[in-house]
Amino acid sequence: MTDFTGTAILAKLGLRRDRIILPIWIYVFLAIAFSTPYSYRKLYPTPAAIAQAGAVITNPAAVALVGPPQELTLGGLSAWKIAGFAALAAGLMSILTVIRHTRAEEETGRQELLGAGVLGRRAPLTAAVTIALGANLAIAIVTALGFIIGGLPTTGAIAFGLEIAATGWVFTAIAAVAAQLTENARTANSIATATLGAAYLLRAIGDTAGPHGPAWLSWLSPIGWSLKIDPFGTPHWWIFALPIAATAILTTAGYTLAGHRDLGAGLIAARPGPATAAPRLRTPLALALRLHRGLLTGWIIGFAIGGLATGGIATSLGNMINSSPQVTKLIAEWGGNNGITNGFLATILSLFGLIAAIYTIQATLRLRSEETTQRAEPLLATRVSRTHLAASHLTFALLGTVLLLAVAGITTGIGYGLGTHHLGTEIPRLLGGALIQTPATWVLAGIATLLIGALPRYTAASWAAVAIALIISELGPVLQLGQWAMDISPFTHLPKLPGGTITATPIIWLLIIAAALTTTGLTTYRRRDIG
């Protein structure tokens with residue numbers, strides 16, 4: 001028996017458990033990679049039209065949000081549009097995968113049961129890293145295939161797929177280190193995702209620093225490395241040495257740290273809590289606040305930064321339109337006849353709604369994680385009812401989403417209002433455009449609640465609902481899906497604000513559906529066995 005005995009069996013078990021969530025990630029990457037060059041070919045049909053896109057991709061606000069300029073070709077524009085967010089998504093997927101199969105398994109006690117058999121000490125970490133690296137390689141393959149099917153050069157498509165995978169590999173290794181530092185899976189996730197956010201922020205600062213600013217900061221970011229490869233220009237293949245070396249070094253560090261701690265423990269010792277809980281923790285709602293506050297705070301910071309950047313882009317939208325009629329056409333399609341700037345802002349606020357739905361599902365599923373980690377049973381052994389416990393978590397899932405959307409609307413209004421000198425009118429206008437996304441996110445929360453109550457083994461399918469809504473919203477108009485297909489997403493039924501007309505009927509129906517799903521989920525949760 002060696003330290004790696006049982007790795008293959010654990011990897012097979014991990015793939016079996018991830019049979020829903022990993023294919024969803026991979027399919028989303030394939031769909032976006034295929035649709036992006038398809039839509040850009042229609043938007044920029046000639047080299048002259050492509051050249052006019054220079055004003056868009058060099059805009060400082062757009063560079064900070066999306067990434068540095070690429071080659072002014074169809075492939076370069078396609079890579080520019082999705083590279084930054086794709087790298088961010090690959091990093092997030094890698095972090096969640098590694099922590100789920102390492103630290104979370106130890107926290108729930110399953111790893112100790114498996115370790116009682118013929119299982120090497122480093123087999124769990126090896127299996128988790130192998131799954132994450134393999135998933136990123138699959139993403140690289142499908143992304144390259146999507147670009148090739150979309151008519152882009154093969155060499156550039158392969159380089160682009162590898163640059164996304166390279167970012168995922170680095171954060172696989174970062175997650176392997178984070179899993180050794182703390183005994184709590186949520187804390188490990190927070191450490192790794194905070195590193196991911198810092199990498200994106202360093203990249204944004206460095207890419208917008210200009211010739212006399214700290215442009216070197218982007219070289220400190222794994223995301224910055226990937227976005228400098230320039231796959232459809234003259235690919236800088238040597239840059240791949242940086243993420244490969246970082247992955248090897250950090251993975252080795254993870255293995256080394258794993259050998260210096262006990263099973264279930266972290267290198268950072270947990271601080272003992274007080275013998276008696278503070279008065280503020282004596283209710284399920286107060287406990288839920290303590291559990292959700294870290295996650296919610298991180299999302300608030302991210303939405304605030306995104307809102308300010310979006311407002312800045314909207315302020316300079318006029319210059320983009322004057323230099324590129326194709327941008328005018330695209331934004332007009334986004335916003336219909338409600339005005340170019342309103343159309344852009346309405347589309348961005350809809351995107352904030354889709355992103356906020358990710359938090360909604362995360363916060364809702366915390367109820368299930370409290371159950372699987374056996375922390376819910378001690379509470380339910382007291383006078384706390386199941387409904388009361390579930391409602392405490394749903395409060396932060398539902399109202400936390402409202403808070404995130406409010407932050408997005410306010411900060412976008414600030415960014416746009418400062419540029420237009422109409423701060424007092426733009427903030428309430430864009431706040432309303434953000435908050436109108438609430439009913440659709442609550443429908444997704446209702447779906448997650450129903451799965452927790454009726455089909456707890458399949459709660460991962462909640463992410464499929466988010467993925468479907470995202471794919472329909474992003475790719476539906478490009479692929480010219482029928483109205484029946486577009487109507488599957490709850491976000492399709494919302495008015496486009498600012499600029500659109502509010503119709504109460506679809507909003508009321510969405511709220512009714514959300515209430516029915518949530519009520520049914522709570523009823524079934526109250527009647528089934530815990531665990």
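Helices H9 and H10 are roughly antiparallel to each other, since the angle between them is over 145 degrees. This is a predicted model, so please hear everything that follows as computed from that prediction. The axes of H9, residues 123–149, and H10, residues 154–181, come within 8 Å and cross at roughly 160°. The crossing of this pair is right-handed. By class, the residues in the contact of H9 with H10 are 18 nonpolar, seven polar and no charged.

H9 and H10 also bring me to the core. The largest nonpolar core has 58 residues. Inside that core, the residues with the most contacts are Tyr-44, Phe-147, Phe-160, Ile-164 and Ile-223. At least two core residues are supplied by each of these helices: H2 (21–43), H3 (47–51), H6 (74–101), H9, H10, H11 (185–207) and H12 (222–227). Which helix gives the largest share of this core? That is H6, with 13 residues.

Take Ile-223 from that list. Leaving out residues up to four places away in sequence, Ile-223 touches Ala-87, Leu-88, Thr-167, Phe-171, Leu-196, Ala-199, Tyr-200 and Arg-203. There is also a second, separate core, of 24 residues, and among them are Phe-303, Ile-313, Leu-345 and Tyr-359.

Next, a loop residue. His-236 sits in the loop between H12 and helix H13, which covers 241–258.

Now to helix H19, which I will take against two partners. H19 covers residues 386–420 and H21 covers 438–454; their axes come within 10 Å and cross at roughly 155°. That angle makes H19 roughly antiparallel to H21. H19 passes H21 in a right-handed crossing. On the H19 side, the contact is made by Leu-394, Leu-398, Thr-401, Val-402 and Leu-405, and on the H21 side by Thr-438, Thr-441, Trp-442, Ala-445 and Thr-449. Six of these residues are nonpolar, four are polar and none is charged.

The other partner is H24, residues 504–527, which packs with H19 at an angle of about 140°, the axes being 9 Å apart. H19 and H24 are therefore oblique to each other, as roughly antiparallel would need an angle over 145 degrees. H19 passes H24 in a right-handed crossing. From H19 the contact has Arg-386, Thr-387, Leu-389, Ala-390 and Leu-394; from H24 it has Thr-518, Leu-522, Tyr-525, Arg-526 and Arg-527. The classes here are five nonpolar, two polar and three charged. Leu-394 is listed in the contact with H21 and also in the contact with H24.

Last, Thr-360, which is placed in helix H17, residues 340–372. Thr-360 counts as buried because its relative accessibility is 0%. What does Thr-360 contact, leaving aside its neighbours within four places in sequence? The residues are Ala-397, Thr-401, Thr-441 and Ala-445.

Note on methods
Residues are numbered from 1 along each chain as its sequence is written. This is a predicted model: local features need pLDDT of at least 70, side-chain atom pairs count only at pLDDT 80 or more; totals for chains, interfaces and linings use all residues. Side-chain values use heavy atoms; hydrogens and water are left out. Axes are lines fitted to C-alpha atoms, for helices over the stretch in contact, and angles run from 0 to 180 degrees between N-to-C directions. Helices (H or I, at least four residues) and strands (E, at least two) are DSSP runs, numbered from the N terminus. Angles under 35 degrees count as roughly parallel, over 145 as roughly antiparallel, 65 to 115 as roughly perpendicular and the rest as oblique. A crossing is left-handed if the near helix is turned anticlockwise from the far one by less than a right angle, and right-handed if clockwise. Contact means heavy atoms within 4.5 Å. Ala, Val, Leu, Ile, Met, Phe, Trp, Tyr, Cys and Pro count as nonpolar, Asp, Glu, Lys and Arg as charged, and the others, Gly among them, as polar. Buried means under 20% relative accessible area, exposed over 50%, partly exposed in between (1.4 Å probe, protein chains only). A nonpolar core is a set of buried Ala, Val, Leu, Ile, Met, Phe, Trp, Tyr and Cys residues joined through side-chain atoms within 4.5 Å.
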